[in-house]
Amino acid sequence: MADDDKALLIAYLNSARAHVRNVLDGVPETDRRRPVVPSGWSMVGLVQHLTFDVERFWFRAVIGGEDVPLHEGMEAWQVADEVSSAQVLEAYEHECALADAVIQRTPLSATAALWREEWGPLQVESLVDVIVHVLKETSTHAGHLDVAREFIDGHQHLVMS
């Protein structure tokens, strides 16, 4: 794959990331923190999950080989009371920027620099696979946020009329 392919993958990834951020626009702090689905996650909990379990894990740890703090189990889904949703979004932006730096300096054919046995079998072969995986997971969770937002205030994102 060429540099143009990398640019296209990054553009799609950035579009999904923007969707995540945009869904929270106009939602009050209390509603951003309120679970609206039976499993109990909140909008900001999902964004924090994307920050640490997706962006940080896949790009900085797995591809970049960085020794970064990682969450276990469902920890990332739980936002501490003293952490505002604005701080969660800032952390997401920061982690996305760090992930982008890894993507920019790494060939698309690069394989995992770090994989631990306790994470189970490695299911990706290259940076391309990781970008596609993160794009898929981010897009899926953006859809989850759309549903949560509709439960909260009836707003429907990307409705064509």
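At 18% relative accessibility, Asp31 counts as buried (buried means under 20% relative accessible area, exposed over 50%, and partly exposed in between, with a 1.4 Å probe and protein chains only). The structure is a predicted model, in which local features need pLDDT of at least 70 and side-chain atom pairs count only at pLDDT 80 or more, while totals for chains, interfaces and linings use all residues. Residues are numbered from 1 along each chain as its sequence is written, and side-chain values use heavy atoms, with hydrogens and water left out.

Asp31 lies in helix 2, which spans residues 29-32; helices are DSSP runs of H or I with at least four residues, numbered from the N terminus. Beyond its neighbours within four places in sequence, Asp31 is in contact with Met43 and Ile152, where contact means heavy atoms within 4.5 Å.

Helix 3 comprises residues 43-63 and contains a kink of about 50 degrees centred on Phe57. The bend at a residue is the angle between axes fitted to the seven residues ending there and the seven starting there. Helix 3 is mostly covered, 21 of its 21 residues being buried. Just after this helix, Gly65 adopts a positive phi of about 70 degrees.

Glu55 is located in helix 3 and counts as buried because its relative accessibility is 1%. Residues up to four places away in sequence being excluded, Glu55 touches Leu13, Arg17, Leu50, Arg60, Tyr92, Glu95, Cys96, Ala99, Val134 and Thr138.

Helix 3 packs with helix 4 (residues 85-105) at an angle of about 20 degrees, and their axes are 9 Å apart. Axes are lines fitted to C-alpha atoms, for helices over the stretch in contact, and angles run from 0 to 180 degrees between N-to-C directions. The contact involves residues of helix 3 including Val44, Val47, Gln48, Thr51, Glu55 and Arg60, and residues of helix 4 including Val88, Tyr92, Glu95, Cys96 and Ala99. By class, the contact of helix 3 with helix 4 has 14 nonpolar, three polar and four charged residues. In this classification Ala, Val, Leu, Ile, Met, Phe, Trp, Tyr, Cys and Pro are nonpolar, Asp, Glu, Lys and Arg are charged, and the others, Gly among them, are polar.

On the helix 4 side, Val88 is buried, with a relative accessibility of 2%. Apart from residues up to four places away in sequence, Val88 touches Val44, Val47, Gln48, Thr51, Val79 and Val83. Val88 and Leu46 are 42 residues apart along the chain, and their C-alpha atoms are separated by 9.9 Å.

The loop between helix 3 and helix 4 contains Glu75. With a relative accessible area of 43%, Glu75 is partly exposed. Glu75 and Asp53 are 22 residues apart in sequence, with a C-alpha to C-alpha distance of 9.4 Å.

Helix 3 also meets helix 5 (residues 127-153): the axes come within 10 Å and cross at roughly 175 degrees. Helix 3 and helix 5 are therefore roughly antiparallel to each other. By class, their contact has 15 nonpolar, five polar and three charged residues.

Definitions and conventions
Helices (H or I, at least four residues) and strands (E, at least two) are DSSP runs, numbered from the N terminus. Angles under 35 degrees count as roughly parallel, over 145 as roughly antiparallel, 65 to 115 as roughly perpendicular and the rest as oblique.
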